[in-house]
Amino acid sequence: MKIDIITLFPEMCEAVLGESIIGRARKSGAIEVNCHQLRDYAFDKHRRVDDAPYGGGMGMLMMAEPIALCFEDICKKNGTRPHFIYMSPQGKVLDQEKLKELAKYDSVCLLCGHYEGVDERLIEEYIDEEISIGDYVLTGGELPAVVLADALSRMVPGVLSSDECFELESHYNGLLEYPQYTRPQVWHGREVPEVLTSGHHKNIEQFRRIEAIKRTAKKRPDMLQKASLTDKERQLIEDAEKETKTVKE
């Protein structure tokens with residue numbers, strides 16, 4: 001997987017993506033991340049990449065040509081056209097299903113917006129899709145780009161120790177992750193569930209599955225509509241809901 005990021009603040013992106021698991025994955029060659037300074041493609045000595053919007057209004061707008069030149073240069077260097085994503089509050093909100101979809105690409109390019117956004121003509125001609133990380137507005141697209149790059153990278157083979165590291169986590173399979181425990185076995189009078197210390201792998205797997213369903217039903221019941229559940233598991237949810245209703249009454 002190759003990830004290119006077009007940004008006014010490459011150091012900001014590198015500060016996050018150069019550390020921890022993603023940083024090690026880059027060094028090992030499991031993924032390739034390149035942060036491109038958009039101002040390198042500006043036309044004047046002041047390296048301006050923005051201008052006032054036609055029709056007036058507050059703020060400045062990022063010009064189309066520097067972005068187009070940068071993206072075309074990336075295409076030339078890569079030898080192929082990456083899937084081009086504009087990090088925008090107007091885009092589809094990022095979720096695990098979208099990440100699974102993006103993980104199928106060999107390369108993606110992320111555009112970090114600023115000011116009042118980007119010239120619409122650039123979006124129409126170059127951008128494949130717009131993605132948001134939530135229904136709110138940030139000062140720039142760097143944080144959303146880093147979030148997407150991190151979440152996407154960890155699904156690439158070789159970044160984590162095994163696929164189970166992300167396949168069993170919250171959202172990947174339509175459920176929240178089951179509760180986890182570590183030493184000591186008793187902390188503040190609270191003991192680790194006995195089944196987890198039994199060494200019986202099948203029972204542990206069943207326990208975790210049930211706890212994941214119960215946790216999802218409690219915290220994110222909306223997710224259960226799309227989750228793949230057996231009739232027995234759905235009955236478990238109904239019983240838990242009845243029990244909760246009885247306690248409240």
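This talk covers a strand, a helix, some salt bridges and a surface patch in one predicted model.

Ground rules first. Residues are numbered from 1 along each chain as its sequence is written, and side-chain values use heavy atoms, with hydrogens and water left out. Because the model is predicted, local features need pLDDT of at least 70 and side-chain atom pairs count only at pLDDT 80 or more, while totals for chains, interfaces and linings use all residues.

Let's start with strand β6, residues 107-112. Helices (H or I, at least four residues) and strands (E, at least two) are DSSP runs, numbered from the N terminus. How many of the six residues of β6 are buried? Six of the six, so the strand is largely enclosed by the rest of the structure. Buried here means under 20% relative accessible area; exposed is over 50%, and partly exposed is in between (1.4 Å probe, protein chains only).

Now the two faces. In a regular strand, side chains alternate between the two faces of the sheet. In β6, one side carries Ser107, Cys109 and Leu111. The other carries Val108, Leu110 and Cys112. Both sides are covered.

Who pairs with β6? Strand β1, residues 2-7, runs parallel to β6 and is joined to it by five bridges. Lys2 has Ser107 as its bridge partner. Strand β5, residues 83-93, also pairs with β6 in the parallel sense, over five bridges. There, His83 stands opposite Val108. For the record, two strands pair if DSSP finds at least two bridges between them.

Side chains of opposite charge can pair when their charged atoms come close. The cut-off for a salt bridge is a side-chain nitrogen of Lys or Arg within 4 Å of a carboxyl oxygen of Asp or Glu. The whole structure has 13.

Glu97 and Lys100 form one, at 3.2 Å, N to O. Both sit in α4, three residues apart, about one turn of the helix. Lys100 is partly exposed, at 24%.

Glu101 and Lys98 form another, at 3.0 Å. These two are also in α4 and three residues apart. Is Lys98 buried or exposed? Buried, with a relative accessible area of 6%. Glu101 is partly exposed, at 38%. Lys98 and Glu101 also belong to a salt-bridge network with Glu129.

One more pair: Arg26 and Glu14, at 2.9 Å, N to O. Arg26 lies in helix α2, residues 20-28, and Glu14 in helix α1, so the pair ties together parts that are 12 residues apart in sequence. Glu14 is partly exposed, at 32%.

Next, Ser132, in strand β7, residues 129-132. Ser132 is buried, at 3%. Leaving aside neighbours within four places in sequence, its contacts (heavy atoms within 4.5 Å) are Ser88, Pro89, Gly91, Lys92, Val93 and Leu94.

Last, the surface. Phe9, Met12, Tyr136, Leu138 and Leu143 form a nonpolar patch with about 460 Å² of accessible area together. Areas come from the Shrake-Rupley method with a 1.4 Å probe; for residues, only the protein chains shown count as cover. Patch members have over 30% relative accessible area and no salt bridge; like charges are joined within 9 Å, nonpolar side chains (Val, Leu, Ile, Met, Phe, Trp, Tyr) within 5 Å. Met12 sits in α1, residues 10-17. Met12 is partly exposed, at 38%.
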